[in-house]
Amino acid sequence: MRFMPRWIILSGVLLFSGLIGCSSSNTSTAVVPVSTTPVVTAKAKFAYTGNQGQSISGFSVDTSSGALTPLSGFPIPLGNNPTVVAHDPQNRFLIVADVSSSLIHVFAINSTTGALTEVAPSPYNTVHEPVAVTTDPSGTHVYVASQYGNLVGAFSLSASGVLTPIAGAPF
């Protein structure tokens, strides 16, 4: 598995991300009510990328055109290889995984400027060689997929941005 091409692993992680919450049980059928009222979500005002050059870049997003403008003060130095980034659904926190050091960092996102502030006691140890990070739709859990060992790290995400490992993790 260690020598499997990254695109194959990433495809599996994306499939896993899409399947979170699905059930394989065939003994009962769940009925999910469908709302006829459209759900409107706010467009993201900021975008962030992890760079192999030991930094994170930040951009403001033109919500009409999608054009990006570099944010002041970026790129910011971080770790060895912080290439995996995700944010919670409410755009409060940026979660950054460093593939080389097997750490994840949590940053609070300033909703006005896009500036990042690392949330103590970040960074956290996580699965070896993290290649994907996602949050659940409620923004209360963070999952980190490992390239090495077919493991998934799992954390609870508090309202203040603190991560707590979920019992039994990694899975």
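## Nonpolar cores

In this predicted model, the largest nonpolar core holds 17 residues, and those touching the most other members are Ile-104, Val-106, Val-133, Val-142, Val-144, Phe-155 and Leu-163. A nonpolar core is here a set of buried Ala, Val, Leu, Ile, Met, Phe, Trp, Tyr and Cys residues joined through side-chain atoms within 4.5 Å; buried denotes a relative accessible area under 20%, exposed over 50%, and partly exposed the range in between (1.4 Å probe, protein chains only). At least two residues of this core come from each of β5 (84-87), β6 (93-98), β7 (103-109), β11 (141-146) and β12 (152-157). The greatest contribution, three residues, is that of β6. In soluble globular proteins, nonpolar side chains tend to be buried together.

Apart from neighbours within four places in sequence, Phe-155 is in contact with Ile-104, Asn-125, Thr-126, Thr-140, His-141, Val-142, Val-144, Leu-163, Thr-164, Pro-165 and Ile-166, where contact means heavy atoms within 4.5 Å.

## Overall composition

The protein contains one helix and 13 strands, in the sequence order α-β-β-β-β-β-β-β-β-β-β-β-β-β. These elements are DSSP runs numbered from the N terminus, with helices (H or I) of at least four residues and strands (E) of at least two. Of its 171 residues, 35% count as buried.

The accessible surface amounts to about 10,100 Å², and carbon and sulfur atoms account for 60% of this area; the areas come from the Shrake-Rupley method with a 1.4 Å probe, and for residues only the protein chains shown count as cover. Among contacts between residues at least 6 apart in sequence, 37% join residues at least 24 apart.

## The sheet β10-β11-β12-β13

Four strands form an open sheet in the order β10-β11-β12-β13, with antiparallel pairing; strands pair if DSSP finds at least two bridges between them. Its edges are β10 (130-135) and β13 (163-165), each of which pairs on one side only. Neighbouring strands of the sheet are turned against each other by 30 degrees on average, direction ignored. For such angles, axes are lines fitted to C-alpha atoms (for helices, over the stretch in contact), and values run from 0 to 180 degrees between N-to-C directions.

Within the sheet, β11 and β12 are joined by five bridges in the antiparallel sense. Val-144 has Gly-153 of β12 as its bridge partner.

Ser-146 belongs to strand β11 and is buried, with a relative accessible area of 5%. A polar atom of the Ser-146 side chain lies 2.5 Å from the backbone oxygen of His-128. Beyond its neighbours within four places in sequence, Ser-146 is in contact with Val-127, His-128, Glu-129, Pro-130, Val-131 and Leu-151.

Glu-129 is located in the loop between β9 (124-125) and β10. Glu-129 is also buried, at a relative accessible area of 12%. Its side chain makes a polar contact of 3.4 Å with the side chain of His-128. A polar contact is a pair of N or O atoms within 3.5 Å; within protein, one must be able to donate a hydrogen and the other to accept it, and residues adjacent in sequence count only if both atoms are side-chain atoms.

## The β1-β2 hairpin

Strands β1 (residues 46-51) and β2 (residues 55-61) pair in the antiparallel sense over six bridges. Tyr-48 stands opposite Gly-58 of β2. Three residues separate the two strands of this hairpin, and Gln-54 in the turn has a positive phi of about 60 degrees.

## Basis of the description

The model is predicted: local features need pLDDT of at least 70 and side-chain atom pairs count only at pLDDT 80 or more, whereas totals for chains, interfaces and linings use all residues. Residues are numbered from 1 along each chain as its sequence is written, and side-chain values use heavy atoms, with hydrogens and water left out.
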